[in-house]
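Hi,

Here is the structure I promised to pass on. My notes on cavities and helix packing follow it.

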Amino acid sequence: MKTEAAYEIQREMNVLGAHATPFLFIIDFLMQKPMLYPLHDIAREQILYNFCGQSNAESLPAQNLPPLQFEKFPLNFSQYKKSFNLVMENLRVGNSFLVNLTLPTPIAVNRSLKQIYHQSQARYKLWYQDEFVVFSPETFIKIDNGVVSTYPMKGTIDSSLPGAEQKLLADPKELAEHVTIVDLLRNDLSQFATGVEVKRFRFVEELTTYKGKLLQVSSEVSGKLPANYPSKIGDIIMGMLPAGSVSGAPKPKTLQIIQEAEGYERGYYTGVMGIFDGVKLDSAVMIRYIEQKNGQFIYKSGGGITAQSIGENEYQELIDKVYVPFT
């Protein structure tokens with residue numbers, strides 16, 4: 001599946017890593033149009049980024065913007081059910097254990113993509129040439145002092161629900177989904193690292209949206225890289241794609257199911273983006289993603305489907321994840 005463009009980016013990342021040259025990478029879900037930029041070549045008119053405080057964006061003075069207006073127009077449940085049923089049939093016959101099913105939702109919002117970038121409160125943010133904006137809460141991998149860590153995120157609930165955290169952690173479907181993805185990411189890291197272990201399992205974090213708070217569940221998996229890892233950074237990144245938390249397991253067959261069930265191109269949505277600063281690497285899964293196409297804003301969202309999934313619940317999760325992280 002990997003294209004020649006993906007192999008070329010992989011080789012370039014290895015070379016830049018070996019020379020401790022800082023760079024930014026943006027890789028689409030199917031690795032067909034990966035992008036790589038030495039940090040000193042990035043123009044603010046083209047790309048703005050902020051990865052946990054590492055940013056090229058200047059602070060803007062307070063803007064006198066009108067109150068936020070945000071509307072979403074999701075497909076109806078019967079349309080969603082066709083995709084969901086196809087996934088469930090594949091799960092029933094054992095073609096997959098977990099499928100991340102996503103779909104696009106047109107939205108109307110009285111902000112530009114750049115204004116959304118500047119107003120969003122998120123761990124990882126990216127604005128790209130008025131084509132798309134990302135405000136992701138999910139780390140893909142971090143590399144620091146020879147230790148590589150990944151933080152798969154699975155499980156979401158409206159925090160205003162009574163006993164929301166207890167309900168989320170006690171849900172057997174959410175637990176099965178999380179166990180599957182942690183095991184997949186542990187195997188992915190083991191391709192490149194030794195001593196891979198689950199440091200933290202199912203910790204809960206709170207996210208702010210324009211309609212209130214969401215709770216999401218993550219885990220932390222870490223391992224030790226060999227001493228020459230800077231010259232293998234491209235191999236590590238590309239070898240772990242597509243990211244397990246937004247594809248499923250086993251990957252090859254699950255990707256076929258995704259393409260058949262979704263019937264649209266994810267593009268950069270659910271790809272990965274990151275920065276190597278010459279010493280450390282930090283990166284994110286490109287979820288919470290809005291793109292602009294033919295004058296229309298499209299929000300892409302979804303969730304993991306297992307054999308225990310209930311269609312109505314998964315449909316609601318897809319809709320709940322369509323938000324902007326500010327009011």
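The second largest cavity has a lining of five nonpolar, four polar and one charged residues. This is a predicted model, so treat each value below as computed from it. The residues that line this second cavity are E138, T139, F140, T150, P152, L185, A243, G244, S245 and V285. Its space is about 40 Å³.

In total, there are two cavities of 30 Å³ or more. The largest cavity holds about 210 Å³. Its lining is made up of 22 residues. Nearest the centre of the largest cavity lie K154, I287, R288, G302 and K321. β18 gives the most, with six residues. By class, the lining of the largest cavity splits into eight charged, nine polar and five nonpolar residues.

Now the helix packing. Helix α2 (residues 77-92) packs with helix α8 (residues 311-320) at an angle of about 110°. Their axes are 10 Å apart. An angle of 65 to 115 degrees counts as roughly perpendicular, so α2 is roughly perpendicular to α8. The crossing of α2 past α8 is right-handed.

Which residues make the contact? From α2, they are F77, Y80 and F84. From α8, they are G311, E312, E314, Y315 and L318. The contact of α2 with α8 has five nonpolar, two charged and one polar residues.

Best wishes

Key: Residues are numbered from 1 along each chain as its sequence is written. This is a predicted model: local features need pLDDT of at least 70, side-chain atom pairs count only at pLDDT 80 or more; totals for chains, interfaces and linings use all residues. Side-chain values use heavy atoms; hydrogens and water are left out. On a 1 Å grid over the protein atoms alone, a cavity is a set of points where a 1.4 Å probe fits but cannot get out, and a pocket is an open set with protein on both sides within 12 Å along at least five of seven lines; lining residues have an atom within 4 Å of a point. Grid points are joined across faces, edges and corners, and a volume is the space filled by probe spheres set on the points. Helices (H or I, at least four residues) and strands (E, at least two) are DSSP runs, numbered from the N terminus. Ala, Val, Leu, Ile, Met, Phe, Trp, Tyr, Cys and Pro count as nonpolar, Asp, Glu, Lys and Arg as charged, and the others, Gly among them, as polar. Axes are lines fitted to C-alpha atoms, for helices over the stretch in contact, and angles run from 0 to 180 degrees between N-to-C directions. Angles under 35 degrees count as roughly parallel, over 145 as roughly antiparallel, 65 to 115 as roughly perpendicular and the rest as oblique. A crossing is left-handed if the near helix is turned anticlockwise from the far one by less than a right angle, and right-handed if clockwise. Contact means heavy atoms within 4.5 Å.
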